[in-house]
Amino acid sequence: MSNEIKPSITYDCNMIHKKPLAEIELLLRHLSPHANKVETKNRQSLNYIAGGQHHCFLLHKGSVTLYRNIDGMVLNSESAPYLFGISTQLLEADYLYIRTQESSEVSVISIEEANKIIAKEDLWQSLSTLLIYTATRVYDHCTKISSLSSYEIICYQLFELMGEPEEIRNSVSIVSYIKSRTFLSRSSIMKILAQLKTGNYIVTDKGLLKAINNIPSRY
């Protein structure tokens, strides 16, 4: 990283602000009375398909991360309130799973029952808004890890981590967070992080991210 003054990277927080909270809460309000509470522990995995039946999970408190089964790649993470599983109901195989990242409150309902309630209560508009948001979040993540340079990918992931709940920021290292969400090697991540730290562009403590200070746009 040269000593020349470079423009800093700014993070677009619009996706976080566009989370359709009203629509999600409306769905939860109608589905929750018919769902069963799930006893969860920190970093507990939950599968969408169990006993040959598709399920969706209602996240009432805490945060959950979406993983790809084949390689453990993180595709998305969301904090409460949220619904997981509605968009995967046509999959024949269990390609994805979710994992709690902190103390969370989760309940489960079968997709069949959820669809009946959504139809009965005419919640299609709320459902479509949720699905659009979910698809956009996953697309946004995939775009950022496939079409950018390693430096840009790491910078965007730093901002993503900074936007996570404090409990997560204080429990997962920067390297682990970025590695689970990208195809980058541990050595390349650590090299760029070390240079960002030397330039005082990030503040860390025992591998945890504490602050971000005007990260340069070019490496």
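Which feature does UniProt place at residues 150-217, and what can be said about the contact between domain 1 and domain 2?

Analyst: Please keep in mind throughout that this is a predicted model. In an unreviewed entry, UniProt places the feature "domain: IprA winged helix-turn-helix" at residues 150-217. The domain assignment, for its part, divides the chain into domain 1 (21-146) and domain 2 (150-212), and the centres of domain 1 and domain 2, taken over C-alpha atoms, are separated by 26 Å. To the contact, domain 1 brings 16 residues and domain 2 brings 12 residues.

The size of an interface is often given as the accessible area that is lost when the parts come together. Here the area buried between domain 1 and domain 2 is about 1200 Å², and carbon and sulfur atoms give 54% of that area. Between the two domains there are zero salt bridges, while two residue pairs are in polar contact, both at pLDDT 80 or more. On the side of domain 1 that touches domain 2, at least two residues each come from strand E5 (63-68), strand E6 (74-79) and helix H4 (124-146). Of these elements, H4 gives the most, with four residues. Sorted by kind, the residues of that side of domain 1 are three nonpolar, eight polar and five charged.

Side chains of opposite charge can pair when their charged atoms come close. In this case the side chains of Glu78 and Lys19 meet at 3.6 Å, N to O. Because Glu78 lies in strand E6 and Lys19 in the loop between helix H1 (14-17) and helix H2 (21-31), the pair ties together parts that are 59 residues apart in sequence.

Two backbone details complete this look. Most residues other than glycine have a negative phi, and most peptide bonds are trans. Yet a cis peptide bond, with omega about 0 degrees, joins Ala80 and Pro81, and Pro81 is found in the loop between E6 and strand E7 (82-84). Asn200, which is not a glycine, has a positive phi near 60 degrees, and Asn200 lies in the loop between helix H8 (186-198) and strand E10 (202-205).

Methods:
Residues are numbered from 1 along each chain as its sequence is written. This is a predicted model: local features need pLDDT of at least 70, side-chain atom pairs count only at pLDDT 80 or more; totals for chains, interfaces and linings use all residues. Side-chain values use heavy atoms; hydrogens and water are left out. Domain bounds come from an automatic or database domain assignment. Contact means heavy atoms within 4.5 Å. Buried area is the accessible area (1.4 Å probe) that two parts lose on being put together, summed over both. A salt bridge is a side-chain nitrogen of Lys or Arg within 4 Å of a carboxyl oxygen of Asp or Glu. A polar contact is a pair of N or O atoms within 3.5 Å; within protein, one must be able to donate a hydrogen and the other to accept it, and residues adjacent in sequence count only if both atoms are side-chain atoms. Ala, Val, Leu, Ile, Met, Phe, Trp, Tyr, Cys and Pro count as nonpolar, Asp, Glu, Lys and Arg as charged, and the others, Gly among them, as polar. UniProt positions are given in the numbering used here, feature names are shortened, and annotations may be inferred rather than shown by experiment.
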